[in-house]
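Here are my notes on the model you sent. Please read them with the structure open.

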Amino acid sequence: MLSHAGSAGPRAPRCRPLKTVVCVKQVAVLGDEVEFTEDERDVDPDYLERALNEWDVSAVEEALRIKESLVDGDGEVVVVTVGDEEATEALRRCLAMGADRAIRVGAQGVDDADPLTVARGLASVATSEKPDLVLCGVQSSDSVQAATGVMLAELLDVARVAVVIKVECETGSRTARVHRELEGGLLDVVDVDLPAVLTIQTGINEPRYATLRAIKQANLQEIEVVDLDREQPPAYRVRRMYVPERGEGAELLGDDAAGVAGRIAEIVKGRLS
Amino acid sequence: MSGTLVVAEHVEGRLRDVTRELVTAAQDLPRPVAVAVIAGNPASLADSIDLEGVDDVVAVTAGGDEFENDVYQDAVEALIAARQPDVVVLGFTVNSMGFAPAVAAKLGLGFASDVFGFSIESGQVVARRSFYGAKVHAEVELPSGVPAVLLLRPTVWAQAEGSGGASRTELAVETRTPRARHVRFVEAPVADVDITAADFLLSIGRGIGDKENIERFQRLAEKMGATLSVSRPIVDSGWMPSARQVGQSGKTVKPKVYLAFGISGAVQHLAGMKASGTIIAVNTDPEAAIFGVAHYGGVVDLFDVADELEKLY
């Protein structure tokens with residue numbers, strides 16, 4: 001079916017004209033200090049910085065590469081997020097990378113959404129967009145569920161493959177050939193029917209940087225906002241968050257580089273002799 | 001509803017270690033503990049999961065020899081319907097990620113992944129997992145009255161051993177034609193270096209900042225008599241080959257000394273190195289998760305330490 005499977009040369013997926021929805025998340029990054037909200041169910045937002053999830057950057061890049069490889073360039077890349085107003089920033093970054101349109105689910109705001117609730121929000125958009133392919137990141141760096149994309153596939157009743165490190169498809173084909181990355185680096189070559197949801201692993205590509213001009217243009221682009229349905233029960237509810245006990249923890253080797261280096265040399269010598 | 005259903009994992013005809021860990025974890029969950037193995041011909045694999053603490057081995061005939069996510073989804077849904085378990089436990093692994101969330105979404109079950117602890121409080125499953133780069137832990141409550149699907153973090157529980165003399169149940173499940181089909185496996189390329197054989201690993205991560213700094217740590221490793229290994233971001237950036245990657249998607253290592261520079265300690269990385277004899281971590285973030293497994297830590301600039309080490313060797 002494919003002539004270049006496993007080759008190390010330039011990648012050239014040649015999919016039929018296709019529409020791709022990419023699901024992204026504006027993740028929260030915790031710094032050195034932490035305070036919790038009054039109900040202790042989350043970290044105080046003042047202590048969190050926001051960024052586009054690393055896995056999702058790879059997913060957007062992959063969607064753009066597929067679109068650019070189309071013979072007639074007739075594809076479309078739509079990015080979707082479930083998130084509050086701040087998540088708009090993530091969408092703008094995707095637009096600056098080259099996505100065509102952006103939609104935010106969560107007009108009324110989103111708090112502590114579990115993966116099933118998020119998947120329902122994404123499904124409402126994907127159902128009306130009718131994409132040929134949906135790409136998600138494998139997981140988000142702030143909650144590491146690795147669940148949203150596969151839940152979304154179920155809600156859409158389409159095929160899915162999780163932890164994809166390579167995508168190949170052929171013009172006009174109703175299937176794609178993908179590589180799933182198993183533990184220990186073993187690859188599972190899988191043929192998947194389209195439409196499908198693929199969750200994308202980092203390392204699949206080298207994501208591009210947006211140009212200054214593209215960033216400016218993205219800032220002017222309209223972003224559609226729709227409501228998030230929270231009627232159905234979540235997969236879980238956070239009861240409380242806390243800072244883990246350190247146990248014994250690491251013995252500190254001092255606070256100056258020379259002292260630390262001296263102790264490291266000593267320990268290494270002791271352990272290897 | 002009653003009992004716990006463990007879903008065994010296997011690849012190329014071998015039971016994966018995580019299954020033995022799941023059996024250990026299940027000892028703190030409702031009995032009976034049933035372990036299901038799903039395969040085209042599950043008989044020999046079923047023998048290998050008759051471990052101590054297993055009450056019932058369920059040999060499920062479905063699909064082919066290797067994992068296909070639609071087959072596993074159909075089989076596990078059939079098992080849930082037949083056994084009505086309180087809790088379903090699986091490994092937090094690439095295979096489970098491919099179908100367990102779909103089962104939970106379809107049947108409206110409770111779901112939590114990367115779980116490293118749990119309790120049952122008046123019938124409600126409470127799972128412990130981490131958020132925000134593992135700097136914060138959380139207790140999450142799963143809904144009562146429906147089975148709870150838990151994907152357990154590998155390498156947290158010990159591996160179950162022995163033989164339990166479990167009863168044996170056979171189940172044949174008619175599954176749909178899979179929409180995602182296994183074609184073949186591709187083994188990781190053979191490398192010029194075997195980091196799993198080294199006594200001393202000097203390991204670098206995202207904290208080294210720039211590709212140009214790789215050479216410097218390569219040199220330092222040579223001087224110190226260490227083998228250079230890396231965390232996933234270094235491989236993703238294309239700076240080093242995957243043969244040197246430590247972690248779940250790379251190699252699991254157990255050197256006498258593991259010296260980490262600029263590695264914050266993603267869960268998948270820690271799983272691949274926490275069994276090392278002595279772990280020394282240098283990182284400017286005092287809250288970095290790697291300090292949770294390290295024996296010694298230096299909260300100082302890694303380049304300054306590298307400079308000082310070069311003088312000493």
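The points below go from confidence to chain contact, then to single elements.

1. Confidence. This is a predicted model. Chain A has an average pLDDT of 89, and 90% of its residues score at least 70. Where pLDDT is low, predicted coordinates should not be read in detail.

2. Chain A overall. Six helices and 13 strands make up the secondary structure of chain A. The chain has 273 residues, and 49% of them are buried. Take the contacts in chain A between residues at least 6 apart in sequence: 71% of these join residues at least 24 apart.

3. The contact between the chains. Chain A puts 72 residues into the contact and chain B puts in 76. Which element gives the most to the side of chain A that touches chain B? Helix 6 of chain A, residues 257-272, does, with 10 residues. By class, this side of chain A has 44 nonpolar, nine polar and 19 charged residues.

4. Four strands form an open sheet in the order 12(A)-10(B)-9(B)-8(B), and the pairing is antiparallel.

5. Strand 12 of chain A pairs with strand 10 of chain B over five bridges, in the antiparallel sense. Look at Arg240(A): its bridge partner in strand 10 of chain B is Glu139(B).

6. The chain B part of the sheet. Strand 10 of chain B (residues 136-141) is joined to strand 9 of chain B by six bridges, and the two run antiparallel. Strand 9 (residues 124-131) also pairs with strand 8 (residues 117-121) of chain B, antiparallel, over five bridges. In strand 10 of chain B its bridge partner is Val140(B). Phe118(B) stands opposite Ala127(B) in strand 9 of chain B. The hairpin of strands 8 and 9 of chain B has two residues between the strands, and Ser122(B) takes a positive phi near 40° there.

7. Strand 4 of chain B. How many of the seven residues of strand 4 of chain B are buried? Seven of the seven are, so this strand (residues 33-39) is largely enclosed by the rest of the structure. Val33(B), Val35(B), Val37(B) and Ala39(B) point one way, while Ala34(B), Ala36(B) and Ile38(B) point the other way. In a regular strand the side chains alternate between the two faces of the sheet.

8. Neighbours of strand 4 of chain B. Strand 1 of chain B (residues 4-7) runs parallel to strand 4 of chain B, with four bridges joining them. Strand 5 of chain B (residues 56-61) also pairs with strand 4 in the parallel sense, over six bridges. Ala36(B) is the bridge partner of Val7(B), and in strand 5 of chain B the bridge partner of Ala36(B) is Val58(B).

9. Helix 2 of chain A. This helix, residues 88-97, is mostly covered, with eight of its 10 residues buried. Among the buried residues are Arg92(A), Arg93(A) and Cys94(A). Just after the helix, Gly98(A) takes a positive phi of about 135°.

10. Domains of chain B. The domain assignment gives domain 1 (4-172) and domain 2 (195-312). Their C-alpha centres lie 33 Å apart. Seven residues from domain 1 and six residues from domain 2 of chain B take part in the contact. On the domain 1 side there are two nonpolar, two polar and three charged residues.

11. Lys274(B). This residue lies in the loop between helix 7 (267-273) and strand 17 (278-282) of chain B. Not counting residues up to four places away in sequence, Lys274(B) touches Thr155(B) and Val293(B).

Key
Residues are numbered from 1 along each chain as its sequence is written. Chains are lettered from A and ligands numbered from 1 in the order in which they are written. This is a predicted model: local features need pLDDT of at least 70, side-chain atom pairs count only at pLDDT 80 or more; totals for chains, interfaces and linings use all residues. Two strands pair if DSSP finds at least two bridges between them. A residue is buried if 20 or more other C-beta atoms lie within 10 Å of its own, exposed if 12 or fewer, and partly exposed in between; C-beta atoms are placed from the backbone. Two residues are in contact if their C-beta atoms, placed from the backbone, lie within 7 Å. Domain bounds come from an automatic or database domain assignment. Ala, Val, Leu, Ile, Met, Phe, Trp, Tyr, Cys and Pro count as nonpolar, Asp, Glu, Lys and Arg as charged, and the others, Gly among them, as polar. pLDDT is the predictor's confidence in each residue, from 0 to 100.
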